[in-house]
Amino acid sequence: MVLVFIVLSSITLAIDNPLDDPNSNGKMLLTYIDMFFTVTFILEALIKIIAKSLLFADLPIKPYLLNSWNMLDAFVVIVSLV
């Protein structure tokens, strides 16, 4: 499901035009959709952090930030918040 959300989020980013009127219905809809995806990706990252630990763990799996894909995921989530 997360992969579907990533694809849909990418499509909405491609549709977005910074020159559009910020008060138009289409622009407002894209803003709300972007907020939905941001919250969804934050929740996904938090669930992974809770399950794997952030940096240190005695589990047989690597902690969240020691996986390069998760590092990229964390970076993208932080940038989307900014």
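The buried residues of helix α2 pack against α1 and α3 (68–81). This description rests on a predicted model. The buried residues of α2 are Lys27, Leu30, Phe37, Thr38, Thr40, Phe41, Glu44 and Ala45. The helix has 28 residues, which should span 40 Å at 1.5 Å a residue, and its end C-alpha atoms are 41 Å apart, which agrees. Just after α2, Ser53 takes a positive phi of about 80°.

Helix α3 comes next. Its 14 residues reach 20 Å from the first C-alpha to the last, close to the 20 Å expected at 1.5 Å a residue. Asn70, Asp73, Ala74 and Val77 are the buried residues named in α3. Seen down the axis of α3, the buried residues fall within an arc of 100°, so they line one face of the helix. An α-helix has 3.6 residues a turn, so residues three or four places apart point the same way. The cover over the buried residues of α3 includes α2. On the face turned away from the buried side, α3 carries the exposed residues Ser68 and Phe75. At the start of α3, a side-chain oxygen of Asn67 reaches to within 2.8 Å of the backbone nitrogen of Trp69.

| Salt bridge | Closest N and O atoms |
|---|---|
| Asp16 with Lys27 | 2.7 Å |
| Lys48 with Glu44 | 3.5 Å |

In the bridge between Asp16 and Lys27, the closest N and O atoms are 2.7 Å apart. Asp16 lies in the loop between α1 (2–15) and α2 (25–52) and Lys27 lies in helix α2, so this pair ties together parts that are eleven residues apart in sequence. Asp16 is partly exposed, with a relative accessible area of 34%. Lys27 counts as buried because its relative accessibility is 16%, and buried means under 20%.

Lys48 counts as partly exposed at 25% relative accessibility, whereas Glu44 is buried, with a relative accessible area of 17%.

Aromatic rings make up another set of contacts. The count comes to four aromatic pairs. Ring pairs link Phe5, Phe36, Phe37 and Phe41 into a cluster. Of these residues, Phe37 and Phe41 are also among the buried residues of α2.

Notes. Residues are numbered from 1 along each chain as its sequence is written. This is a predicted model: local features need pLDDT of at least 70, side-chain atom pairs count only at pLDDT 80 or more; totals for chains, interfaces and linings use all residues. Side-chain values use heavy atoms; hydrogens and water are left out. Rings of Phe, Tyr and Trp (its six-membered ring) pair if their centres lie within 6.5 Å; planes under 30 degrees apart count as stacked, over 60 as edge-to-face and the rest as tilted. A salt bridge is a side-chain nitrogen of Lys or Arg within 4 Å of a carboxyl oxygen of Asp or Glu. Helices (H or I, at least four residues) and strands (E, at least two) are DSSP runs, numbered from the N terminus. Buried means under 20% relative accessible area, exposed over 50%, partly exposed in between (1.4 Å probe, protein chains only). The expected span of a helix is 1.5 Å times one less than its number of residues. Contact means heavy atoms within 4.5 Å. The arc is that of the directions from the helix axis to the C-beta atoms. A polar contact is a pair of N or O atoms within 3.5 Å; within protein, one must be able to donate a hydrogen and the other to accept it, and residues adjacent in sequence count only if both atoms are side-chain atoms.
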